[in-house]
Amino acid sequence: MRILIIEFISLDGVVQAPGGPDEDTDGGFSHGGWSHPFFDETVGGGFNEALTNADALLFGRRTWQTMAAAWPERAGDPFADRMNAIPKHVVSATLGDDELTWNNTTRIPGAEAVARIRELRETAGGDLVVMGSATLARTLLSEGLVDELRLLIEPVLLGGGKSIFPDDGGLRTLELVASETSGTGVHVTTYRPVAAE
């Protein structure tokens, strides 16, 4: 499987709480829901394409809990139905299996996460898609486990917040393989890692 990360991201690299005011207020973040003014068909199409090509989804605990609370009640919408039906993996050291109430969810214990995700990546199939999940995305990028990075770069500066980019001093070269600008000014970009020579 290929690991594809798709993220709403501000011009200053913030991915925290794009969906709503109470989604993630860690560190006093007060701009939750910042992505809404820029959502249009082009932006939605990026997520729809990622989900259409996905064989499974991969989340960190916090994002999984947010999604699990939102998508089941939206049943009847084609995107929601796909989100609810597709196999899902959640990385968590704290969730119990009895808490995995969202259909088709499997827990990956936190201590085993990188090794288990490597195993998933080596299996046959389509995409394993990561949405949100900043800490998980940063770990996957740091470990060299990302095959495609789709960034929806929104024309807003947030002045600080969570990022997906590793801060370990490592140099990682990416190749831009697709780019489109939405009517709301979102730069929808797709990058793939350049193999070391």
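**Note on the sheet, its covering helices and the pockets**

1. Strands S2 and S3 run parallel and are joined by four bridges, with Leu57 opposite Lys88 in S3. Helices (H or I, at least four residues) and strands (E, at least two) are DSSP runs, numbered from the N terminus; two strands pair if DSSP finds at least two bridges between them. On its other pairing, S2 is joined to S5 by four bridges, again in the parallel sense, and Leu58 stands opposite Val130 in S5.

2. On the basis of the model: it is predicted, local features need pLDDT of at least 70, side-chain atom pairs count only at pLDDT 80 or more, and totals for chains, interfaces and linings use all residues. Residues are numbered from 1 along each chain as its sequence is written, and side-chain values use heavy atoms, with hydrogens and water left out.

3. The pairings belong to an open sheet of eight strands in the order S4-S3-S2-S5-S1-S6-S8-S7, with mixed pairing. Strand S4 (105-109) and strand S7 (174-181) are at the edges with a single partner strand each, so one side of each has no neighbour in the sheet. From one strand to the next the twist averages 25°. S3 and S4 run parallel and are joined by five bridges; Val91 stands opposite Ile108 in S4.

4. Strand S1 is joined to strand S5 (residues 127-131) by five bridges, and the two run parallel; here Arg2 stands opposite Asp127. S1 also pairs with strand S6 (residues 148-154) over seven bridges in the parallel sense, where Glu7 has Leu151 as its bridge partner. Eight of the nine residues of S1 are buried, so the strand is largely enclosed by the rest of the structure. Buried means under 20% relative accessible area, exposed over 50%, and partly exposed in between (1.4 Å probe, protein chains only). S2 is mostly covered as well, with six of its seven residues buried.

5. H4 lies across S1, strand S2 (54-60), S3, S4 and S5, at about 130° to S4. H5 lies across S1, S2, S3 and S5, at about 125° to S1. Axes are lines fitted to C-alpha atoms, for helices over the stretch in contact, and angles run from 0 to 180 degrees between N-to-C directions; contact means heavy atoms within 4.5 Å.

6. Leu58, in strand S2, has a relative accessible area of 0% and is therefore buried. Apart from neighbours within four places in sequence, its contacts include His89, Val91, Ile108, Ile117, Val130, Ser133, Leu136 and Leu140. Leu58 and Ile5 are 53 residues apart in sequence, with a C-alpha to C-alpha distance of 9.3 Å.

7. Most residues other than glycine have a negative phi. Ser133, which is not a glycine, has a positive phi of about 55°; Ser133 is found in the loop between S5 and H5 and is buried at a relative accessible area of 6%. Not counting residues up to four places away in sequence, Ser133 touches Leu58, Phe59, Gly60 and Thr63. Ala17, also not a glycine, has a positive phi of about 50°. Ala17 is in the loop between S1 and H1 and counts as buried at 4% relative accessibility.

8. The largest pocket holds about 1,200 Å³ of space. Of its 47 lining residues, Glu23, Thr63, Met67, Met131 and Gly132 are the closest to its centre. A pocket is an open set of points on a 1 Å grid over the protein atoms alone, where a 1.4 Å probe fits, with protein on both sides within 12 Å along at least five of seven lines; lining residues have an atom within 4 Å of a point. Grid points are joined across faces, edges and corners, and a volume is the space filled by probe spheres set on the points. Elements that each supply at least two lining residues include strand S1 (2-10), helix H2 (61-70), strand S3 (88-92) and helix H5 (134-142). The lining has 21 nonpolar, 18 polar and eight charged residues; Ala, Val, Leu, Ile, Met, Phe, Trp, Tyr, Cys and Pro count as nonpolar, Asp, Glu, Lys and Arg as charged, and the others, Gly among them, as polar.

9. The second largest pocket holds about 290 Å³. Its lining comprises 14 residues, and Leu141, Arg172, Thr173, Leu174 and Pro193 lie nearest its centre. By class, this lining has nine nonpolar, two polar and three charged residues.
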